[in-house]
Amino acid sequence: MALAGRLLAVLPLLAWAAGPPEPVGPSEPAEPPLPAEPPDALFAAGAEAYARGDWPAVVLHMERALRARAALRSRLLRCRLRCANATAGPAEEPRSQPEPEPPLRDLLFFRGLLRRAACLRRCGPAAPSRYRLGEELEREFRKRSPYNYLQVAYFKINKVAKAVAAAHTFFVANPEHVEMKQNLEYYQMMAGVKEADFIDLEARPHMTEFRLGVRFYTEEQPAAAVLHLEKALEEYFVADTECRALCEGPYDYEGYNYLEYNADLFQAMTDHYMQVLSCKQGCVTELASQPGREKPLEDFLPSHFNYLQFAYYNSGNYEKAIECTKTYLLFFPNDEVMNQNLAYYTAVLGEDLARPIEPREEIQAYRQRSLMEKELLFFSYDVFGIPFVDPDMWTPEEVIPKRLREKQKVERETAARISEEIGNLMKEIETLVEEKAKESADISKLIREGGPLVYEGASVTMNSKALNGSQRVVVDGVLSAEECRELQRLTNAAASAGDGYRGKTSPHTPSETFYGVTVLKALKLGQEGKVPLQSAHLYYNVTEKVRHMMESYFRLEVPLHFSYSHLVCRTAIEDKQEGRSDNSHEVHVDNCILNAEAMVCVKEPPAYTFRDYSAILYLNGDFEGGAFYFTELDAKTETAEVQPQCGRAVGFSSGSENPHGVKAVTKGQRCAIALWFTLDPRHSERERVQADDLVKMLFRVEEVDLLQETGTEQEPPPVTTTDGLHAARKDEL
């Protein structure tokens, strides 16, 4: 009955939505023009241009497609908001006039609707179907697919900064996209690429400001936190208004056969209006969602006031702290901590000054509107069976009909019980599978290990048994003393500080400097005459030698592909050794994230999950410390130690069976070639492919002539293929 009374009270207000909207005057900005071509046609043209390798055309059409979609969205929003404002009824029901009779009341109500529809028709496109995106293409835009094409096209036309921004924008919304992750790592290695180039071109202002506010809050900068959190609220309500306006679209007949849908006037209106209201409530989730994240931020809008009340308190502004506390309590009136804060602020400021301070008006209006919408939606759920999932945690229980509350309680309990039973069953299955897989793997590794080394002079010094593990080997005699010295000279001549770590000279420990050079970079420097070309060629050949030895010794049935190769030197900083207790590189696993406390290794990004085998080839031993060692999963129990020396290689599988680290280099310089391999050709290092091509070019019969040429053209990262760009940033041994 309470709801029915509210509905009756609302109808006269709706009836006053009379009077046509005022025509657009000279002071109002004109509607933005419609794009010459619809976004779907532009997207298709961009994709066709990509297929034929016309990179400028890809940029032209994809950028136009993005602008066209944005222009259509902006035009639609302006139209709907203008018509909503122009046909809005009075703020309060005029009490001087009697309530009209039911027939007249209906006519007045529909007159308001007709005028709203007429306004929308006038400011909409002349041919709406021409500009309407299909569901499939709309998904492509939501997935930011145009940026996937753009990053390649910009790279091809040598606009690297724009390529980086496009790649980053796509990756933010698609963090599981392996190829784009590799592309970004490649860009990070490129000369001239700056941190500022990695920007999200589709970032939403309210979320950007919120993150900045939270960051300053955690950094104990309350003034800056307040500035950004208040701006975040301002942008939030702009985004909320736009999101709600976009909900007022055509009816979605999902679940119905369009031709068989035969609801009467009021049922059809109810179906459509409840769909719109449900969408508007869904804006809570939409605005709290971050691209690429599965779950939205919980209690997003109320959390602004949680941060603000404490930031204002730390700034000494008790009036604003009380205002924000009372605003937060609108959503969670029984929050014990917030009520204690309010009592404290009130005591400090004084009861007389604190009592008149009210919660923010716009939030009171927001809450009132939201509760009314929820009542209508829950009513339609209870009576008509139209489903509604409340996006908020703060909704008072009394808003939900009692029968529905009991039904939801039973459903939640049943779902929780089923979920628990399924979870327990899955754990049992996983345990059995893991046990069987471990048994099979252990047997397989013991049987398969121990193949020939295929190179004369190389010999196995320690096998898995001697190293107290599985899939481990130490080989001596891989390099001669002269080859070690030549490669060490190459490192000192060609390596750059922090290579692979975006210029960080001490990426693993502040007590050592880190220099490195990749195979491709060394070959290019050799081609340019900056280092001995034969030394760079030796580097290339040595890595191939280690790869073949690994394939043969571990009896692999499929070839290994290079995931990353790095010639590196770690040098002890003399004045930073006293009292040192850290390692040169802490214990880790090469293809999973090691949680030593839980003794588990999680094989998921950002770990390089595609790495299967690793190797380290030492160039010298004339330094102190720097021993390589294996441990158990606890990262503490050492199982084996290997002392580096010229020509000694350590090879092992990259999984959780081989946690390893490097002890501190306390004096001198430790140089080695670190190598990672994958069995999956899709994750083959793109730089290696370029290095292979460069070697073929430089070391033909006509080598002398070719050495005078300038370098090979860089190949761009792919959009959808899997032979993407790779770059290493971690796990240097």
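## Stop 1: H13 and H15

Select helix H13 (residues 300-314) and helix H15 (residues 336-349), which pack at an angle of about 30 degrees with their axes 12 Å apart. Helices (H or I, at least four residues) and strands (E, at least two) are DSSP runs, numbered from the N terminus. Axes are lines fitted to C-alpha atoms, for helices over the stretch in contact, and angles run from 0 to 180 degrees between N-to-C directions.

H13 and H15 are therefore roughly parallel to each other. The cut-offs: under 35 degrees is roughly parallel, over 145 roughly antiparallel, 65 to 115 roughly perpendicular, and the rest oblique. H13 passes H15 in a left-handed crossing. Left-handed means that the near helix is turned anticlockwise from the far one by less than a right angle; right-handed means clockwise.

Now show side chains. H13 brings Asn306, Gln309, Phe310 and Tyr313 to the contact, and H15 brings Met338, Asn341, Tyr344 and Tyr345. Contact means heavy atoms within 4.5 Å. By class, this contact of H13 with H15 has 5 nonpolar, 3 polar and no charged residues. Ala, Val, Leu, Ile, Met, Phe, Trp, Tyr, Cys and Pro count as nonpolar, Asp, Glu, Lys and Arg as charged, and the others, Gly among them, as polar.

## A word on the model

This is a predicted model: local features need pLDDT of at least 70, side-chain atom pairs count only at pLDDT 80 or more, and totals for chains, interfaces and linings use all residues. Residues are numbered from 1 along each chain as its sequence is written, and side-chain values use heavy atoms, with hydrogens and water left out.

Zoom out to the whole chain. It has 23 helices and 16 strands. Of its 733 residues, 44% count as buried. Buried means under 20% relative accessible area, exposed over 50%, and partly exposed in between (1.4 Å probe, protein chains only). The chain exposes about 38,100 Å², and carbon and sulfur atoms supply 54% of it. These areas come from the Shrake-Rupley method with a 1.4 Å probe; for residues, only the protein chains shown count as cover. Among contacts with a separation of 6 or more, 76% come from residues 24 or more positions apart.

## Stop 2: H20 and H21

Go to helix H20 (residues 519-527) and helix H21 (residues 533-553). They pack at an angle of about 155 degrees, with axes 8 Å apart. H20 and H21 are therefore roughly antiparallel to each other. Their crossing is left-handed.

Val519, Ala522, Leu523, Gly526 and Gln527 of H20 make the contact with Leu533, Ala536, His537, Tyr539, Tyr540 and Thr543 of H21. The contact of H20 with H21 holds 7 nonpolar, 4 polar and no charged residues.

Step back to Val517, in strand E4 (residues 512-517). Val517 is buried, at 0% relative accessible area.

## Stop 3: H11 and H12

Next, select helix H11 (residues 222-246) and helix H12 (residues 265-288). They pack at about 135 degrees, axes 9 Å apart. H11 and H12 are therefore oblique to each other. The crossing is right-handed.

Tyr236, Ala239, Asp240, Cys243 and Arg244 in H11 meet Lys280, Cys283, Val284, Glu286 and Leu287 in H12. By class, the contact of H11 with H12 has 6 nonpolar, no polar and 4 charged residues.

## Stop 4: two positive phi angles

Most residues other than glycine have a negative phi. Select Arg144, in the loop between helix H6 (135-142) and helix H7 (145-156). Its phi is positive, about 65 degrees, although Arg144 is not a glycine. Is Arg144 buried or exposed? Arg144 is buried, with a relative accessible area of 8%.

Jump to Asn468, in the loop between E1 and E2. Asn468 also has a positive phi, about 60 degrees, and is not a glycine. Asn468 is exposed, at 52% relative accessible area.

## Stop 5

Gln471 lies in the loop between strand E1 (459-462) and strand E2 (472-476). At 4% relative accessibility, Gln471 counts as buried.

Finish at Ala70, in helix H3 (residues 55-86). Ala70 is partly exposed, at 45%. Its C-alpha is 9.3 Å from that of Pro39, 31 residues apart in sequence.
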